[in-house]
Every structure is written in C-alpha cells, then in structure tokens.
Amino acid sequence: MDCCTPTSSVAIAEAPVESSGSPSNGSRSRTGRIRTIALIGPPNCGKSTLFNRLTGMRQKVANYPGVTVEHHSGTMKSFGRPDLTLIDLPGIYSLATYSEDARVAVDVLKGNMHGVPAPDAVLLVLDCMHLNRQLMLAAPILSLGLPTLVLLNMSDLLEARGGKIDSLALAHELGHPVALISAAKGTGMDLIRNFLQQFGEFPLTRPGSARLPILQSPASCRKWASQVSTRSQFEEPDSPLWTRRLDAVLLHRIWGPIIFVVVVVAVFQVVFSIGQPLSDGMGNVLTHAGAWASNALPDNWIRALLRDGVWNGVQAVLVFLPQILLLFLFIGILEDSGYLARAALIADRVMRAIGLNGKAFIPLLSAYACAVPAIMATRTIENKRERMATILIAPFMTCSARLPIYTLIIAAFIPDRYILGHILGLRASVMLGLYALGFLAALVTARLLNSRVMKASSAPFVLELPQYRWPTPRSLVLRLYDRGKLFTKKAGTIILACTFVVWLLSVLPVHGGNFSALSSSVIAHIGRFIAPVLHPLGFDWKIGIGLLSSIVAREVIVGTLGTLYGVDPATHAASLQTALHHDLTMGGAIALVVFFAFAMQCTSTLAIVRRETNSWKWPAIQFAYMTVVAYVGALVTNQLFLHFF
Amino acid sequence: MALSDMRVGQSGILEAVELPEKVSDHLAHLGFLPGANVEVLRRAPAGDPTVYRIDGVEVALRKETARHITVELAAAAGTR
C-alpha cells in the first residue's frame, strides 16, 4: 500500500550539537539498533491517524494487564521497516499519574510495563495548530532522555491558515530534531524514515536538554511552552472560519437540536432498514450453508457437534457483524468529522438528568440496535466512571435481538384491536410499553449508580470541540477493520464456547450411543429443577429451558420453544403461537416479555463487557443484577395479573 | 467575576481556578491558567454547557464547573 508522498520542501530540522552539552555519557547509551518505538502525544493531535499510516493493517490490539487501557502495537512493515515495532500510547496531557492512561504511558516509556519492551526511541506527535498548549507535554517526555523525534502534525493546515513555525529554531530550543508532517495527507513520512534510519546506524547517546523545566506543574510547563514557541517564531493560525460558520448553524438554538434529531433518526433509519435485512440475510445464508454442509456429512455425533454446537455459535457471532459495522461506520463519520462533540454538547442537558454526560448519548442510542457496538463506542467517554455506568445500562435498551420473542408473544396473546378510539393499536402500545420499560430500567440504574458509585468522583464535564474535518475513507476503513476483527476474535471465542456448552447440555447424557432428546437432556433436568422457582412467574419447565438456552442469545428462545413444542405429542401439530397458549396464561406471557426486557440474555454483550473492562467482575455483576431485576419484574407482572385480571 | 456569569461575546483574563487539584490540573492542560485570555463563544441550545475559546481552542464547560473559575472582565470596548 502506498502511504507516503515524499516532500522535499521541508527538511528534518536537526538539533544543533551544543544543546546536548549536558551530563549525558552516564545516562542511557544505546549502541544497538532500535527495535521498539513509542508513539505519544496529547489527545486530538492526530496520533491515531499517524499510527495507522505507519503500521497499516498490521496492528495488534490488546489490553494492558490489569487496566482498561488498550495497547495498540504493530510492525512498520507497510512503512518499509518490518524490523520495527511501533507502540501507540494513550493520548495524555501530562505524565502526572492521576489517570490510568498516564500511568500506562509512564510505565511503558520507562520500560516498567510487563510484557512490553522498553522503547528505544520516541515519536512525539504535537498538533502544531495549538503549539503553545501541545508543547506542554514535550517537557516531561523529552526529559526522559530517550532519543525523540518531535513531529509537528497538521502542518499543512497551519500553513493554509496563515500560521508559521521555524522548525529549526524549535529543534534548537528542544534539543531534539523536529519534523513538520501531515498524518492525514501523508506528508513528511520520509522525515520519519530518515530519523529511524539514522538512529539505526549509529550509537544513540542523545540526552535531554538541560533547559527543560524540571518542575512539572502545569503553570511552569505552560510558561516554558509559551517561551519556546515564541522563540521558534510560532504564529498562531487564523481562527477556523468554517468551523465557526458551521457551529453557528449546527449549535443554533433552534436549528441545532432539529439537525441533531434529523441526523440521529437518519442513522437509525439506515441501520434498521439496511443493517437488519443484512443481518437477517447473513443469518439465512449461514443457516443454509450449515444445512447444506451437514447434509454432506454422515449422520453421527460429529455432524451434530459441528452443526449445532459449532456452526450455531459461528452464526451467533456473524449475524451481528453487519449491524455492528454499519453503526461503527456512522459513529466513525460523526467522530472524525467533529460532529460527535457537538452532539454531545446538545445532548448534555438531557443526559445530565440521569447523571451521565452528553458523550454517553450516542453509545446509548446505538444500544437500541445492539448493545455490542454501543459498549464498544463508549470509548469516546474519557471519564472512566461514566464510561462504566454507560456500559452497565446499555443492555437495558431494547436491542433488535429482543424483537423475535416480543413479536411472537404479542402476536400470540395480545388481541389485534385498537385502544383510545382508533388511534393506537393495542399490540403497538404493548411493544411501546416494553421499549419504555427498558428505558426506565436504564434510567433507574443510572440514578442508582450515580448515587452509589459516581458520588466519589466529581470529575467535571470538559468537552473539547475539535475543528470540523472531512473524515478520510482510509481511517474509516481501518476503524471498521479494527472493530470487526476485535469483535469476531475476542468476543467470538467466548460466544462460541458458550454456545458449545449449551449445546452439550442439551444433548447429554448419551444413551446407547445416541444423544438425548431435548426433553430428557441435562438442560431439561435443570429446567425441571428450577421450575419451582419459575412457577410464581407463570413459567413451566419448557419456558425454563427456553430461558436457559437463550443465555447464548435472546432470539434463541424462539427456536428452542419451537423444538420443544414440536416434539411434544400434545402440541406438535399446532403452530408455536397456539402451542404457547397450552402452557402460558396471559399473565405468564406478559411476564415472559417483561423478563426479556430486563434480563441479560446475551453472551456477545457479556463477552464484550469482559473485553472492554478487562475483568470478569463487571459482566458477572451485570448478569446477576439484570437477572434479579428480570425475575422481580416478571414476578410482579404475573402476580398482578393473577390478582387483578 | 465567575466565568459562568460572563455573557456571550464577552472576553476576559482568567484569574484563578478554584477546583480540586485533579480537575484544575486537567483544565490547566487545556489552557485554563491564570493570565489566559478567555472568550465566551456560545451556549449550547439548552443554555448549558457554554463554549469558551481559550488559548486558540474551543472548550465546553458546564455552569457548575465554570462557577469555580474567576475572571477579570476585559474593557467594555472589547479586546478582540
């Protein structure tokens, strides 16, 4: 892949020799070749774009041990240096270790992070549009004494907007080489290549400049940064005219909210009208492929294992992909263009009422399609506690996987007539009620979390409004690839394992070489065992089995009930809708959908929560909490029906 | 006066940030330092948060945060 446009107009500004006349020989001296390079910079400096450009598709994403901070690394093969590994550190303002992000950065830079090699060189990325402020990070980074190339990103924009910087003077001030680049356009990449080449060849004994402020108070850093940028002839660019003009409309008192609603509705319209059929189509194709393949196999336990144990799991993973990718495409466009921050600003007032901030709005909205991309999208919420709260309440939103059981029960039990004259259909209002119920549960949970968990942190809502930019297809594609891979690989394995276990429980024990029928399997025994607990809810053991099997995914219950009633001589001739009347009263039926409104019947979500929080603690708490709420909700519903109707 | 009391279009010089160290440190790295020039750009459609221009960057703060930041109002003629 071609990634670099060579520019000969700007040369690497080499640091003059005299600035390195500080005590140096005793410090780190590196004689070998460099292998590991750390990429660091403040938030919004374009670091990720540069990382993508330097590593291309060869990225690895993992979590650092014990923290929720992600560890991105990749070889620079597409940059022509397959021998080098680039580590992308989290965006931070300083090395003050209040935040998990900064702690991780410090540990990696000092070589104290387990499993991550100490970096041999550093690429420090700064947005040169806001050099005064961005330079504040340079002091603590450069004083680490590692060979560092300072990259002034967005230099194309600086020039276009009438700003100026003397990179040679800046290199002189910092005692480190400085290069003007544009990560988005790909200019200046040869300068990075030169730097890496140069340090690969001779010993590295480049000390930090003695003039860097040792004091790391923000005020002293800032004073130093201003002095340095003044001495480097830095001239601020003109204020971004188009951003001002766009904001005058997009944040307008009347037009702002209207455009916001239109954008949100349009995104959802597309996700549902394109994503849902895509997911369904994918499901159909996979089902047919599975059926076709299993016909080709001999009828034995291996076939059953492959078809019901493994293939169903693969299917459960892949049917989510179209919706996830589509949602991420839109979230990516919103984020890269700069509109996401404006949306957060508009939504903040509403979100505050439930104790969250505006940044939680888009993730929670996405949860109406699927909780998985919603939880992945919470990464835009920097505040860890609010992010956790958003992750915890997102699965209460009525996702599309709840719709099969909702429509089945509503079609079977709710008469098709109108209430309130001829305005509202009874069926539609029950459906609406279920949506409201989920939202209410999220609201109450958020309130609860706010009073219990969040009280301790009074982290304020601070929102930086970036300038509007055109999203680049390259970065959108990379993001989709990244998220898609993450979901299928990390979540997929857990989902597959769970599907397999549920399948195993539904065919064991083995009698004379044959699997058990569902009604005499282990899972049926468990279903009968828990039946007394479910009785007050109005559920019998068949519904119990349905609930157990749907722990894999909510929609599975429809299939399971179909199988169960299909083999039962009393009901096998009837349709599933009529068969359900055999076992469920009206109270039990409504209790069942209420149960589904609250319960965490989704391994994909559990897997992604485990992945995003890097611990089993949160998914476990979430599962337990939601199951209890679901049980109580269903119990109350059924008892109300028993006593009042 | 408090930053939150400034009207849209007004600008001033930041005097002090009276918030817990963790918060003021974060704000300091966004440019909220004594002596910085701050301008009230616009309010969110719901009236809060408010967008401030400080140090060449646009940052939105809620009233509950801006209340704890004091500024000296620039001369009525307007410096910008």
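This is a predicted model: local features need pLDDT of at least 70, side-chain atom pairs count only at pLDDT 80 or more; totals for chains, interfaces and linings use all residues.

**The contact between chain A and chain B**

Modeller: Four bridges join strand β10 (residues 462–465) of chain A to β4(B), and the two strands run antiparallel. Within the pairing, A:L465 has B:E58 of β4(B) as its bridge partner.

The pairing of β10(A) with β4(B) can be set beside the contact between the chains as a whole. Chain A brings 28 residues to this contact and chain B brings 26 residues. On the side of chain B that touches chain A, α1 (21–29) and β4 (57–61) each supply at least two residues. The most comes from α1(B), which gives seven residues to that side.

Strand β1 (residues 11–17) of chain B is joined to strand β2 (residues 37–43) of chain B by three bridges, in the antiparallel sense. In that pairing, B:I13 has B:N37 in β2(B) as its bridge partner. β1(B) also pairs with strand β5 (residues 69–73) of chain B, again antiparallel, over five bridges. There, B:G12 stands opposite B:L73 of β5(B). As a general point, side chains in a regular strand alternate between the two faces of the sheet.

α24(A) is mostly covered, with 12 of its 13 residues buried. Among the buried residues of α24(A) are A:G587, A:G588 and A:A589, together with A:I590, A:L592, A:F595, A:F596 and A:F598.

The other helix is α19 (residues 473–507) of chain A, in which A:K489 is found. A:K489 counts as exposed because it has 12 C-beta neighbours inside 10 Å, and a residue with 12 or fewer falls in that class. A:K489 and A:N614 are 125 residues apart along the chain, and their C-alpha atoms are separated by 15 Å.

To return to the part requested, the contact includes the antiparallel pairing of β10(A) with β4(B), while α1(B) gives the most residues on the side of chain B that touches chain A.

Technical notes:
Residues are numbered from 1 along each chain as its sequence is written. Chains are lettered from A and ligands numbered from 1 in the order in which they are written. Two residues are in contact if their C-beta atoms, placed from the backbone, lie within 7 Å. Two strands pair if DSSP finds at least two bridges between them. A residue is buried if 20 or more other C-beta atoms lie within 10 Å of its own, exposed if 12 or fewer, and partly exposed in between; C-beta atoms are placed from the backbone.
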